[in-house]
Protein chains: 4
Amino acid sequence: MSASELADGLSKVGFQSVELERAVQTIVKMKKAGAKIFFTFTSNMVTSGLRGFFAQLIEIGMVDVIVTTVGGIEEDIMKAKGEKFIIGKFGADDVALHEEGINRVGNLFVRNESYERFEDIVGPMLKKLYKKKKRWTVSEMFSEIGLELDDENSILFQAARKKVPVFCPAVTDGALGFHLFMFQQDNRDFVVDVVKDFSNILFCTSHDDVKGLICLGGSISKHHAILACLLNGGAEYAVYMTTAQHTSGSMSGATTQEAKSWGKIKDDSDAATVVGDVSITFPIAMVHALEILDADGFVAVKGGKKC
Amino acid sequence: MSASELADGLSKVGFQSVELERAVQTIVKMKKAGAKIFFTFTSNMVTSGLRGFFAQLIEIGMVDVIVTTVGGIEEDIMKAKGEKFIIGKFGADDVALHEEGINRVGNLFVRNESYERFEDIVGPMLKKLYKKKKRWTVSEMFSEIGLELDDENSILFQAARKKVPVFCPAVTDGALGFHLFMFQQDNRDFVVDVVKDFSNILFCTSHDDVKGLICLGGSISKHHAILACLLNGGAEYAVYMTTAQHTSGSMSGATTQEAKSWGKIKDDSDAATVVGDVSITFPIAMVHALEILDADGFVAVKGGKKC
Amino acid sequence: MSASELADGLSKVGFQSVELERAVQTIVKMKKAGAKIFFTFTSNMVTSGLRGFFAQLIEIGMVDVIVTTVGGIEEDIMKAKGEKFIIGKFGADDVALHEEGINRVGNLFVRNESYERFEDIVGPMLKKLYKKKKRWTVSEMFSEIGLELDDENSILFQAARKKVPVFCPAVTDGALGFHLFMFQQDNRDFVVDVVKDFSNILFCTSHDDVKGLICLGGSISKHHAILACLLNGGAEYAVYMTTAQHTSGSMSGATTQEAKSWGKIKDDSDAATVVGDVSITFPIAMVHALEILDADGFVAVKGGKKC
Amino acid sequence: MSASELADGLSKVGFQSVELERAVQTIVKMKKAGAKIFFTFTSNMVTSGLRGFFAQLIEIGMVDVIVTTVGGIEEDIMKAKGEKFIIGKFGADDVALHEEGINRVGNLFVRNESYERFEDIVGPMLKKLYKKKKRWTVSEMFSEIGLELDDENSILFQAARKKVPVFCPAVTDGALGFHLFMFQQDNRDFVVDVVKDFSNILFCTSHDDVKGLICLGGSISKHHAILACLLNGGAEYAVYMTTAQHTSGSMSGATTQEAKSWGKIKDDSDAATVVGDVSITFPIAMVHALEILDADGFVAVKGGKKC
């Protein structure tokens, strides 16, 4: 049985499987319409094994703009340098893990050493950047760093190669923030210009572009991409995938329906909200969308590396 | 790309996709161990397009005992008689639907006529049953009804053919309850003996049997199968798939971990709890488990009808 | 600061606190309108400390019909006989608890002895019932048992005293089911007539009655009360409180909006759906509703015992 | 009945009400221990009516450091200038709202004019800041702006008065981001120094301080405060209140247990995770904690304004 047949079967089941199919169709339509596609995800998606899949999506030209949180960037760099995360258990003994120097993210484990080595990687990179100029936007910084990673499963590497900007509106909210701060202690004129980066995301599209959103999880990643679309007239296509529910009024749980009241997406846009764990729903939807797009000549999927 | 490759990919992603893989492995193990498999689901699973898939699981001998709620039984009969449910939208206008005679179950629509025709089907069936004897257990009744349905996509039909008992501890909680009551009005000595049916579920397994649980959604279906296992020494294998969370102390959200405190499942049992919409998670897990079991000669999957 | 002031404050906060206030107002309105009030709850609500509060609601005439699952009935009887449950932790070691003979329900602990003593209580009760007659509906049985409990914090006791019927459509789904089965082994003509009990719930109200629903949690308790209202023309007032979400198409998560498509509640009914843990939301809403109703002379709240 | 009695009653109910009581006790203990208290919340909490309550918490010295997202800051300023948000419905017609110029946040409505007026307020403020100096950290900026607001229900105003720093690691992710960008277009040497602000949050506490976390909702607000505590040796006390579940491995749903593996909170810390809508759980917990702290002389609660 093929993955497509499985997805076809799911499309007629009902409840969230039907919404998943709507997500597939919306992704297919936004790509066929030549939309500028904003792709957002939370850090835990990079902690998970989806990183290589995301990198491949960039490589094949499936997405045009990325917004994420800094934890995901850090882990992308760690993994590019050979770090491996461990599949563990949700119910693990956290005090025992702490003693062993292991940090838990749900049912995934990250060793303290991964963070320690990250320090050794980032220091020289910042020095190199600083030599070039003193004032950097985040997306420029990530592009420079990405070029150095040389790992085809790296999000930053593929994004740098394909000139897909990677935005991260809260760049200091992680280990990288700490290293930036340490570096600035010694180099007071070093500036990370987040305001300028806002113009970068704003001008990476326009009112005239057809725009699409694929938002995995909530957080400022989701909001920031939506904001950039809103300020450019609203998106024509939107897929939100999340475990958050709309009932608490949070951004994370806000639906594509709520988005219409704001003009974040257009009144007549194609849109789908899928509630469920993105580690399951996204690969299924995207693999199916890619198969359709590949068959119709809109993207060229290579060898089958994935997840 | 094959469904197996997709599932393999998912198994390394993390979070619920990892738990999904654990569910696959647990299902494979319970079948290979020759476990008596209790399969439970809520009514909305039958409202959805999973009904034919469930029927096929019975047909190929994948499951041994079924527990569900009466709404699912009603809809299985309706569909066996040709009723079709409609894929609609969660945000539909419910007052307008009401005026059109349409009942909403999430994003699925059921017409009033489906219920009206159900009345015409059930009446003669009850008469026939009553002629045979006056006192029936629910599982016996369903077995008789199943034989009359002659629809290979019907859960009751396949269960009757394969002598898989179908338990329904709250048989009056639906339209069928109403028709049973109407019938009893005219036939006072007609008795549905739920107490006797409890002995049926209790004796359909034993302490000596290896026992497995596959519970989709919560409700009394889940609890009843667990109870039957508990009273027979606890299950060796358990897979719970649900959207309910453990934090509110409900049966629906109770995890396989909590089950160990009760002896519902054994301390060293293989178990997995997958949080997410069953309309997505179950087909993926079960299709993958079947491919493994088929390859290893433990079940023979036919033609590929599914979902 | 008074509880009323707190509730008043909450009513203007937004998100679920606003829905909570809508629940308060709906409860007040249904009582003032003289509605026949159906009150449903899942077993875990009785495991929790809400049991005494529920009993008090019956005592003061706040509710007219009760529907629940059998686990709650069992625990009501256990507690009436002096059993005490322990407040524990969600993350407790379940294998260790099992060895100590402790069963976990979320963060509450129930000792094995509680179930063992239950056996000693139920046996004589069934004998007594059987002496009176051979064929019982569940609600009649519970009324007889209730009269024997003599505990003013008991749901069954207060319900029996106030002639509030207690329905339990899946009476065999628990320890009581096991004891009924054992008793029937020795007394083959002992019959629990669930079909007849369906007529009891159906006729405890009518098309002419104004009807109200207060449903805590999901499960067949919720569905059964709704069904009884539907078959009597639909409810004028409905409050659903649950942690389940509407997105999976389950009965537990079905909203008062969805209910309108079915005619379960009337198109112009007053209705509120509050998403959240009932152990928090219900006491707050009901205490506030009672204060309003007490002040306006619709109920007489006694001494302040509660929760 | 007093709010304290209500809370006392809840403390014995079970499930999340018990966790709520643990949150109360943890808040009381952290204050009595003289902890440096980090208080974080998501924007929708300020959209809701909790803003005035938060301002009061600052005023009475209950919290020492604030971390939030920029949407909340914007709305705090709008409301300080007289904007009023409307309580609406979750199921409102979003296309119709859009035509009326109304933006929906769950069941709250914000008019377009509120955003338009915000523009007029922010422009002059930025000019004034720029005159003083060219390079600002976010927390300094907010302190200056706060002093101008002159609204005792304003978070920024009270924080500025009480010298409670307000951190916002993603300052550009909202309307303010747009205005900062516009201002920088004309004033290229205007810099918002987020890296420097990281040192501010890092140095607002120390390894020697006893540290407490009160985190409402998830997002980078929660993570940023936790990070500051982690880098200072971990917190001794932590209360997380959220609707997010731990099962998807997100930061938002991460529990205080998971935090121990990282050393975010100490192994022997007092901690509580309450799952539920913060619009309900937080006011109840905090009002109760304040009553205890007030009675014991640790804070002085004024007049009763709240929520």
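**Figure 1. Contacts across the sequence in chain A.** In this predicted model, residues 24 or more positions apart account for 76% of the contacts in chain A that have a separation of 6 or more. Chain A contains 14 helices and eleven strands. Its 307 residues include 66% that are buried. A compact globule with 307 residues would have a radius of gyration near 19 Å, and the 19 Å of chain A agrees with that. Taken along the principal axes, the box filled by the C-alpha atoms of chain A is roughly 55 × 45 × 40 Å.

**Figure 2. The open sheet of chain A.** Follow the strands across the sheet and you will meet six of them, in the order β7-β2-β1-β9-β10-β11 of chain A. Their pairing is parallel. At the edges stand β7 (166-167) and β11 (265-275) of chain A, and because each has a single partner strand, one side of each is left without a neighbour in the sheet. For a look at one pair, take β1 (residues 36-41) and β2 (residues 65-68) of chain A, which are joined in the parallel sense over four bridges. Here Thr40(A) is found opposite Val67(A) of β2(A).

**Figure 3. Strand β1 of chain C, covered on both faces.** Now we move to chain C, where β1 spans residues 36-41. Is this strand mostly covered or mostly exposed? It is mostly covered, as six of its six residues are buried. In a regular strand, side chains alternate between the two faces of the sheet. On one side of β1(C) are Lys36(C), Phe38(C) and Thr40(C), and on the other are Ile37(C), Phe39(C) and Phe41(C); all of them are buried.

**Figure 4. The partner strands of β1 in chain C.** Which strands pair with β1(C)? One of them is β9 (residues 211-216) of chain C, which runs parallel to β1(C) and is joined to it by five bridges. In this pair, Thr40(C) stands opposite Cys215(C) of β9(C). Another is β2 (residues 65-68) of chain C, with four bridges to β1(C) in the parallel sense. Phe38(C) has Val65(C) as its bridge partner in β2(C).

Figure 5. Ser221(B) belongs to helix α12 (residues 219-230) of chain B. Why is Ser221(B) counted as buried? The cut-off is 20 or more other C-beta atoms within 10 Å, and Ser221(B) has 30. Leaving aside residues up to four places away in sequence, Ser221(B) touches Thr40(B), Phe41(B) and Thr42(B), along with Val67(B), Thr68(B) and Thr69(B). Thr40(B) is 181 residues from Ser221(B) in sequence, yet their C-alpha atoms are 5.6 Å apart in space.

**Figure 6. Helix α1 of chain A and its packing.** Look for the buried residues of α1(A): Ala3(A), Leu6(A), Ala7(A), Gly9(A) and Leu10(A). They lie on the same side of α1(A), because the arc they cover around the axis is only 160 degrees. What do the buried residues of α1(A) pack against? Their neighbours are α2 and α14 of chain A, together with α1 (3-10) and α14 (278-295) of chain B.

**Figure 7. Where chains A and B meet.** In this interface, 36 residues of chain A are in contact with 37 residues of chain B. On the chain A side, the elements giving two or more residues are α1 (3-10), α2 (16-32) and α14 (278-295). The largest share, six residues, comes from α14(A). Sorted by class, the chain A side has 17 nonpolar, 16 polar and three charged residues.

**Figure 8. How chains A and B are related.** Chain A is superposed on chain B by a rotation of 180 degrees, with 0.0 Å of shift along the axis and an RMSD of 0.0 Å. The two copies are thus related as by a two-fold rotation axis. Of the interface residues of chain A, 100% are also interface residues in chain B, so the copies meet through the same surface.

Key. Residues are numbered from 1 along each chain as its sequence is written. Chains are lettered from A and ligands numbered from 1 in the order in which they are written. This is a predicted model: local features need pLDDT of at least 70, side-chain atom pairs count only at pLDDT 80 or more; totals for chains, interfaces and linings use all residues. Copies are superposed by least squares on the C-alpha atoms of residues with pLDDT of at least 70 in both. Two residues are in contact if their C-beta atoms, placed from the backbone, lie within 7 Å. Two strands pair if DSSP finds at least two bridges between them. Ala, Val, Leu, Ile, Met, Phe, Trp, Tyr, Cys and Pro count as nonpolar, Asp, Glu, Lys and Arg as charged, and the others, Gly among them, as polar. The radius of gyration is taken over C-alpha atoms; the globule rule is 2.2 Å times the number of residues to the power 0.38. A residue is buried if 20 or more other C-beta atoms lie within 10 Å of its own, exposed if 12 or fewer, and partly exposed in between; C-beta atoms are placed from the backbone. The arc is that of the directions from the helix axis to the C-beta atoms.
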